[in-house]
Amino acid sequence: MCSADTVGRVHAQMEVKGLRKGLVGVYSRLKRNKALRGIGGLMVAVLDGHETHSSYRRHCCGCLQRTICTERGERTQYYHRCVVLMLAGERLRLLLDLEPQRLGENEVATALRLLKRVFEAYPRAFEVLLADALYAEAPFLNFVLSHHKHVVVVLKDERRDLYQDALALFKLEGAVEGRYRNRRCLWWDVAELTSWPQVAVALRVVRSQETYRVRRQATKEVEEQSTEWMWATTLPPTVASTELVVRLGHARWDIENYGFNELVNGWHADHLYKHDPGAIEAFYLVVFLAYNLFHAFLTLNVKPQRRQGTTEALWARLITAELFQEAVFCPP
Ligand SMILES: [Zn+2]
């Protein structure tokens with residue numbers, strides 16, 4: 001295997017356009033083979049920001065910066081952040097693309113740049129886009145709508161007219177009982193709300209009050225906990241039931257749980273081989289390729305009986321062992 005320095009140097013010279021083409025290639029092949037099934041019959045993508053590195057000492061032209069209050073006074077911290085788009089699915093998830101956030105711009109502006117490229121490269125990859133409350137902005141929603149996609153965003157801002165109007169209507173409509181995984185839920189669902197005139201279409205708001213049991217580690221006692229969620233969506237009830245909107249709303253976390261967590265803990269993607277904006281972007285795109293190929297292989301090529309009782313880490317090690325063997329027996 002090459003040294004860490006070489007990994008950094010090589011990635012700094014890679015052409016990101018070619019890597020993105022590779023990602024499109026893997027997606028197209030899986031799509032053609034009908035391996036991508038989406039959630040509840042809908043093709044769904046999730047968008048979110050991810051901070052990759054931070055440092056007080058080193059910085060480059062691609063760094064963002066913030067002031068942090070430390071014991072030694074105020075200090076400037078440099079960091080890198082990008083917006084990532086993941087194709088969500090019940091059995092297979094693909095990391096499609098990323099866009100680095102630039103100094104002085106907010107995450108939504110970065111996301112719009114990413115989406116412009118994604119809509120060109122993957123015009124029919126998804127019908128619904130899931131995003132956090134941060135993206136509940138009219139220009140963002142209108143941009144996605146203009147590309148004929150539906151949106152589900154977390155609705156958090158209690159000052160918003162849409163939020164207040166939905167709450168008032170929920171009191172009149174009453175809730176229905178439902179279930180999400182092992183949670184008992186109460187669901188409210190109102191459509192055709194025009195309380196956000198800056199958004200090009202009427203919106204639907206779904207609220208889910210969820211109760212579940214957790215065992216406290218310290219006392220071993222079972223406790224009931226409850227959470228509440230509210231989402232605004234452009235999906236009409238004829239396309240997505242209340243239950244499906246709740247499932248989609250929760251799938252927004254898939255990018256954290258299956259994407260970022262695994263990238264950091266499983267693939268060590270946050271390791272900085274070379275502090276250079278081009279190298280970081282290229283390295284992440286290579287990791288996306290590896291992630292997609294690894295999961296596609298595991299999900300589609302390894303028989304379920306063979307996989308039973310084994311961990312993903314074991315398969316990663318088996319693949320690594322074969323790569324090493326190749327390197328040893330086939331010298332350059
Ligand atoms: Zn930097």
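1. Core. The largest nonpolar core holds 69 residues, and Ala45, Met86 and Leu96 have the most contacts inside it. A nonpolar core here is a set of buried Ala, Val, Leu, Ile, Met, Phe, Trp, Tyr and Cys residues joined through C-beta atoms within 7 Å. Buried means that 20 or more other C-beta atoms lie within 10 Å of the residue's own; exposed means 12 or fewer, and partly exposed is in between, with C-beta atoms placed from the backbone. Helix H8 (residues 277–300) gives the most to this core, with 8 residues. Domain 1 (1–132 + 252–301) and domain 2 (154–249) both give residues to the core, so it lies between them. In soluble globular proteins, nonpolar side chains tend to be buried together.

2. Basis. This is a predicted model: local features need pLDDT of at least 70, side-chain atom pairs count only at pLDDT 80 or more, and totals for chains, interfaces and linings use all residues. Residues are numbered from 1 along each chain as its sequence is written.

3. Leu96 in detail. What does Leu96 touch, leaving out residues up to four places away in sequence? The list is Leu23, Tyr27, Leu85, Met86, Leu87, Val118 and Tyr122. Contact means that the C-beta atoms of two residues, placed from the backbone, lie within 7 Å.

4. Overall layout. The domain assignment gives domain 1 (1–132 + 252–301), domain 2 (154–249) and domain 3 (304–332). These bounds come from an automatic or database domain assignment. The C-alpha centres of domain 1 and domain 3 lie 24 Å apart. The protein has 10 helices and 10 strands. Helices (H or I, at least four residues) and strands (E, at least two) are DSSP runs, numbered from the N terminus.

5. A compact globule of 332 residues would have a radius of gyration near 20 Å; the protein has 22 Å, which agrees. The radius is taken over C-alpha atoms, and the globule rule is 2.2 Å times the number of residues to the power 0.38. Along the principal axes, the C-alpha atoms fill a box of roughly 75 × 55 × 50 Å. Buried residues make up 29% of the 332 residues. Of the contacts with a separation of 6 or more, 64% come from residues 24 or more positions apart.

6. Strands around S3. Strand S3 (residues 73–88) pairs with strand S1 (residues 44–55) in the antiparallel sense over 11 bridges. Pairing requires DSSP to find at least two bridges between the strands. Ser54 has Tyr79 of S3 as its bridge partner. Strand S2 (residues 64–70) runs antiparallel to S3, joined by 7 bridges. Cys69 stands opposite Glu74 in S3. S2 and S3 form a hairpin with 2 residues between them. On to S4 (residues 94–100): 6 bridges join this strand to S3, again antiparallel. Val83 has Glu99 in S4 as its bridge partner. The hairpin of S3 and S4 has 5 residues between the strands.

7. Strands around S8. Strand S7 (residues 176–180) and strand S8 (residues 183–193) pair in the antiparallel sense over 5 bridges. Gly178 stands opposite Cys185 in S8, and Tyr180 stands opposite Arg183. Is S7 buried or in the open? Of its 5 residues, the number buried is 0, so S7 lies largely in the open. S8 also joins strand S9 (residues 203–215) through 8 bridges, and the two run antiparallel. Leu186 stands opposite Gln209 in S9.

8. Positive phi. Most residues other than glycine have a negative phi, and most peptide bonds are trans. Which phi values deserve a look? Arg181, in the hairpin of S7 and S8, takes a positive phi near 50 degrees; this hairpin has 2 residues between the strands. Lys220 has a positive phi near 65 degrees. Lys220 lies in the loop between S9 and strand S10 (222–233) and counts as exposed, with 7 C-beta neighbours inside 10 Å. His268 has a positive phi near 50 degrees. His268 sits in the loop between helix H7 (254–265) and H8. His268 is exposed too, with 9 other C-beta atoms within 10 Å.

9. Tyr163. This residue is found in helix H5 (residues 161–173). Tyr163 is buried, with 20 other C-beta atoms within 10 Å. Tyr163 touches Leu155, Asp157 and Glu158, not counting residues up to four places away in sequence. The C-alpha atoms of Tyr163 and Ala138 are separated by 14 Å, and the two are 25 residues apart along the chain.
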